[in-house]
Amino acid sequence: MRLKQNSSKTERTMTMTTKQLARIYKALSNENRLEIYLSILQYEQKDFDTGCDCIITEIRNKLCIGAPTISHHLKELTDAGLITTKKQGKYLIAKVNQTVLHEIRHQFDQIT
């Protein structure tokens, strides 16, 4: 991400390069990864008030895919900057990177 310069002043808005956007879109182009990402996003929105975290085991059970496969998909989503993960005991917790999500929305708003 970089700072966008304006002739009258420097704006402190973040903009993504086409390379960063391509990496994000590539990560989301896989059906399972998109489903995982949307599940994490939905889980965060649903449990915002309760403060619960998204436990990957729940998504794995929902999608009926193996642990190695989901691990690969999580790595791709993490490498694209779409999510962050952390271990909490024996569970893996995932969160949507809100900064990237807002930037993607901003990019789409500029198109329309």
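A pocket here is an open set of points on a 1 Å grid over the protein atoms alone, where a 1.4 Å probe fits, with protein on both sides within 12 Å along at least five of seven lines. The model is predicted, with local features needing pLDDT of at least 70 and side-chain atom pairs pLDDT 80 or more, while totals for chains, interfaces and linings use all residues. Residues are numbered from 1 along each chain, and side-chain values use heavy atoms, without hydrogens or water.

I then listed the lining (residues with an atom within 4 Å of a point): I56, T57, R60, A67, I70, S71, L74, K90, Y91 and L92. Helix α4 gives the largest share, four residues. By class I noted six nonpolar, two polar and two charged residues.

Strands β4 (83–88) and β5 (91–96) run antiparallel and are joined by six bridges; pairing requires at least two bridges by DSSP, and a strand is a DSSP run of E, at least two residues. Q88 stands opposite Y91, and G89, in the two-residue turn, has a positive phi near 65°.

Last, I looked at L82. Among its contacts (heavy atoms within 4.5 Å), leaving out residues up to four places away in sequence, I noted I24, Y37, L77, V96 and I104.

How values were computed:
Ala, Val, Leu, Ile, Met, Phe, Trp, Tyr, Cys and Pro count as nonpolar, Asp, Glu, Lys and Arg as charged, and the others, Gly among them, as polar.
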